[in-house]
Amino acid sequence: AWEPEDDERPRLGASGPVKVRVPAKINLHLGVGPARSDGYHELSTVYHAIALHDELTARRGDTLTLTMEGVGTGELALDESNLAIRAVRALARQAGVPAHARLHLRKQIPLAAGLAGGSADAAAALVACDTLWGTGMSRDDLAAVAAEIGSDVPFLVYGGTALGTGRGETVSPVLARPTTWHWVVAIADGGLATPAVYAELDRLRALRAAPPPLGSTDDLLAALRQRDPEVLAAALGNDLQAAALSLRPQLADVLKAGRAAGALAGIVSGSGPTCVFLAYDASEASMIATSLEQAGVCKEARTATGPVAGARVV
Ligand code: C5P
């Protein structure tokens, strides 16, 4: 009979399908430093996982395949360039096992939206194949593999609310008493390419046409601890917002419409073009979402609570 040793987790793998849910992320604070020699920017950010989920199912197979349904079907490449495929290959290399799995993605998180949807799918694929193959990695092990795939991928392995440093890949959880925040997510027509938004920020800064950098996350972290939405609203900030607005001036109308509808604050999410609004409570959030859709300033407005867990087997 198989007997577990003290600190050894089962390495049996799963015979049936493994289904993983993974959230989108927003940045409550996104402080962007100067460009580094490797082309990345030094970040000080506070990540926050919200209840807008993708779902990835992994099954046993003789090769590695990826299929999908939902948002982005027909647009998202399902080949070796896909972040989920790249994540599975990296995990297989690390664990010394063949990269064999049939992956199926059910997508709700829009593409190139500033919500880290592609990174979320990579995190989900890591958690799913770790269980499917019985590779028995810890969250920290998976986050280390995740960092090779993209700056936001480690955060989506953990979820919750967390501080991100380096290029965003170094993640440490924010310890705060549990509070649920109510967000409205205004999804735009079309996406923005993240590298283009960072490049636009560099250009604006060189022209001295960007607002002063946000700097430290201290005020945001202090605001989170106060558990008051008005206090948190005043502390939200994103250095990429000016660049996203410069590339997509219509986003100013979205931000204005959200505030007019009663949001406590609105910011561009990550590199945009999604805008997120903080609402006082769940019923305010629904009203703001309805107003945004009626104003016709976005493709779709959804409510989402946060924080929520990262990629998890369900
Ligand atoms: O890490 P990831 O591949 O998701 O980053 C996508 C792009 O975003 C990078 O190629 C870079 O242009 C930009 N980026 C950056 N600084 C960061 C993170 C991302 O300039 N800290």
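Student: Is the crossing of helix 2 and helix 3 left-handed or right-handed?

Tutor: This is a predicted model: local features need pLDDT of at least 70, side-chain atom pairs count only at pLDDT 80 or more, and totals for chains, interfaces and linings use all residues. Residues are numbered from 1 along each chain as its sequence is written, and side-chain values use heavy atoms, leaving out hydrogens and water. Helices (H or I, at least four residues) and strands (E, at least two) are DSSP runs, numbered from the N terminus. With the near helix turned from the far one by less than a right angle, anticlockwise is left-handed and clockwise right-handed; helix 2 and helix 3 cross in the sense called right-handed.

Student: How many charged residues does the contact of helix 2 with helix 3 have?

Tutor: Contact means heavy atoms within 4.5 Å. Ala 122, Leu 126, Val 127 and Asp 130 of helix 2 meet Arg 139, Leu 142, Val 145, Ala 146 and Ile 149 of helix 3. By class, seven are nonpolar (Ala, Val, Leu, Ile, Met, Phe, Trp, Tyr, Cys, Pro), none polar (the others, Gly among them), and the charged ones (Asp, Glu, Lys, Arg) number two.

Student: Which strands stand at the edges of the open sheet?

Tutor: Four strands form this sheet in the order 9-10-7-11, with antiparallel pairing; strands pair if DSSP finds at least two bridges between them. Each edge strand has a single partner, so one side is left without a neighbour in the sheet; these are strand 9 (265-268) and strand 11 (300-306).

Student: What is the bridge partner of Ala 186 in strand 10?

Tutor: Strand 7 (residues 181-187) and strand 10 (residues 275-279) are joined by five bridges. There, Ala 186 is partnered by Cys 275.
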